[in-house]
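Please follow the account below with the model open beside it.

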Protein chains: 2
Amino acid sequence: MKSYRDLSPSLRTIMTPGPVEVDPRVLRAMSYPILGQFDPEFTELMNETMEMLRDLFQTKNQWCFPIDGTSRSGIEAVLVSVIEPGDKVLVPIYGRFGNLLVEISERCGAEVIMLERDWGAVFDPEEIIEAIHRDKPQIVAMVHGETSTGCIQPFDGIGAACRETDALLVVDAVATIGGVAVETDAWQLDAVIGGTQKCLSVPSGMAPITYNERVEAKVLRRKTIERGLREKGAEAKPGKTVASNYFDLGQLQDYWSPKRLNHHTEATSMLYALREGLRIVLQERLEERFARHRRHEAALVAGLCAMGLSLYGDPDCKLPVVTCIRIPNGVDGESVRAMLLNSFGIEIASSFGPLKGQIWRIGTMGFSCNQKNVLHVLGALEAVLLWHGVDISAGKALQAALAFYARKGEELPC
Amino acid sequence: MKSYRDLSPSLRTIMTPGPVEVDPRVLRAMSYPILGQFDPEFTELMNETMEMLRDLFQTKNQWCFPIDGTSRSGIEAVLVSVIEPGDKVLVPIYGRFGNLLVEISERCGAEVIMLERDWGAVFDPEEIIEAIHRDKPQIVAMVHGETSTGCIQPFDGIGAACRETDALLVVDAVATIGGVAVETDAWQLDAVIGGTQKCLSVPSGMAPITYNERVEAKVLRRKTIERGLREKGAEAKPGKTVASNYFDLGQLQDYWSPKRLNHHTEATSMLYALREGLRIVLQERLEERFARHRRHEAALVAGLCAMGLSLYGDPDCKLPVVTCIRIPNGVDGESVRAMLLNSFGIEIASSFGPLKGQIWRIGTMGFSCNQKNVLHVLGALEAVLLWHGVDISAGKALQAALAFYARKGEELPC
């Protein structure tokens, strides 16, 4: 029989838009022995996690819990639970993950109305508000921060327009949660999906979500107790039942409620990890955490500009946690990334679709977002670009970043 | 702000049908720093995991990989990918998890044909073969081991009947994989779903699956590349596309293939855990592992019978990894379970539906399946039953189990 080596992954400096480095406190949490899923000690940990998620999402919503799957499982759980076949879903698209919202909505049987924007920019909220009044969708599904393009979409007035027209506003905040403000209640977002492996710095494998009474009302209209658990005679509702059992929010909220109605077996070690990650976020405090993300982004940008590189995308809508860099003409972007990984142990990202081969993306997210990492990536990128014969200003990037940090850097450097 | 305690879960002896105790080697694997999802070191770990899953499932199938979710996510991924709306799905039900197969199949738009058996027994394979020839289903979906009743279903001839009638045979082996033989190729199973948190003793949160070319052919007929990744003009196939993006096996196999086509972000730490759990299983060797499960089951049964308790279910189809005990008349089953947990730190399970309040279930699964645990649970159960005033033979249970172990126990004791 083939023998497999002891696990011993190399230590990486992970400066992608996720997954990013995990705080050792979170790694340690996963190494604790497990509890049974209905052990009162475990259900107490589940309840604490729900409480902390309320603070993270800045909401008073009762329902805040993780879906046991990666980030897109949270998106699919919300969409499949709120979209009834034939519902109109409005999706403003300004990058890859808007396309994912379309893809999932179509698979849920929605009639999708798309608004499209060239990649690298976002929508004036007024355009979206007009479309809401014109098209009267049942659901508006939008991305808050697009890691594919490094842009962030403002929400001014969109929540209010959805209330006026009785639409539900579903927001993919996978990239922003824990790194940039996501004000669920103040912005009148009806459902929000976060990601663990980005600004929360918990490994991929859970997707925290929250939703309010407006969403719950629709979920409850479609709810069916699982066959084998329900009373005789309480049959499924033909045509109404959610197309997924795993993602049925009506069943999931019973599992997360004091009823503890059996559904899946909660992912124990991932729940430990999420709880510890949330403790770290709340101990730092949200405002300070957001300021830290802006500070290291600014230092990174100062260094990149000093080196002579150009950023991609409209600076007015730049996502603070992802910085996109135009690959200089004639440079093989993948060769640069490979050398960064193989010689320096640093990972940065490429992009998708129309941006493939056009930009690199550097994340400054969560635990990875710190001065040491920013300085390492600037120094390494400069060396690798010089090695590739790119005409950049040697020695300037780190001086600019150091100067920024020395000034305790409040102003944006370039 | 409320402050939350450091994580410090109590150490439990978990003798339920899952989730069970996790080998410290697996816990340690989860505490390693993560790698990026397309880091060559990580994709190599993914490939090794696929190889080891082939040995676990006893198959030469190319496709063996985990779904990132709990066990039922694996079941849903297979069913939603192979069931086209209107397909006939035959489900023989002999416990709760047969009902789950019906529930998921119905949500996928199947016309479900049920065969029902009173709980506590299984089907003569001939009955199922007859139904296959009579009803000509496109899919037969069955549970291998029912944890709800402690029964195991034999498959003799069922795989062959499915080949003859061109049906796909989908098997839920969540409870048995790694504890009881599951011979995917020899039994002609077309798709098999395993669970991590039972006999593999990896935390809940992943569902290893395997499927053969017959399943792949159907998956490929329905395949669509994700919007935003596909070429212009390659539109979705109306009416054919799988209703889920997260669970679309066509997309998932591209992610797990050398193409590495972007889909979700693989759950890094859970993948580390699964890989380590599989290493442990294969190092023990499957046959020896199955024999260990039978040995400790026999010792447990010897003790329970010596105490004067009755087992539930037909002994001819007893699942070796779950032992169901009739709760003696007049005893509050939940009070016994609570005392076991609170005084002894031992968790055993109750059951569902018609068996609620009727039986206790004791698991002997994976890392939890050992002599120390069997002796602890017997000693503790005796004390708790005496405390509750139950008329049992004091002192006999442990003597019977010790005698069984002393005989190196090959024969079944009662």
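The largest nonpolar core of this predicted model has 205 residues, a nonpolar core being a set of buried Ala, Val, Leu, Ile, Met, Phe, Trp, Tyr and Cys residues joined through side-chain atoms within 4.5 Å. The residues with the most contacts inside this core are A:Phe65, A:Leu249, B:Phe65 and B:Leu249. In soluble globular proteins, nonpolar side chains tend to be buried together. Taking B:Leu249 as an example, and leaving out residues up to four places away in sequence, its contacts (heavy atoms within 4.5 Å) are B:Phe65, B:Ile67, B:Ala77, B:Val78, B:Ser81, B:Ile209, B:Tyr211 and B:Val219.

As for conventions, residues are numbered from 1 along each chain as its sequence is written, while chains are lettered from A and ligands numbered from 1 in the order in which they are written. Because the model is predicted, local features need pLDDT of at least 70 and side-chain atom pairs count only at pLDDT 80 or more, whereas totals for chains, interfaces and linings use all residues; side-chain values use heavy atoms, with hydrogens and water left out.

Between the two chains, 88 residues of chain B are in contact with 88 residues of chain A. The buried area (accessible area, with a 1.4 Å probe, that two parts lose on being put together, summed over both) is about 7,600 Å², of which carbon and sulfur atoms give 54%. There are 16 salt bridges between chain B and chain A, each defined by a side-chain nitrogen of Lys or Arg within 4 Å of a carboxyl oxygen of Asp or Glu.

B:Ser269 is found in helix 9 (residues 268–284) of chain B, helices being DSSP runs of H or I with at least four residues, numbered from the N terminus. B:Ser269 is buried, with a relative accessible area of 0%, where buried means under 20% (1.4 Å probe, protein chains only). Apart from neighbours within four places in sequence, B:Ser269 is in contact with A:Met30, A:Pro203, B:Met30 and B:Ile34.

Key:
Buried means under 20% relative accessible area, exposed over 50%, partly exposed in between (1.4 Å probe, protein chains only). Helices (H or I, at least four residues) and strands (E, at least two) are DSSP runs, numbered from the N terminus.
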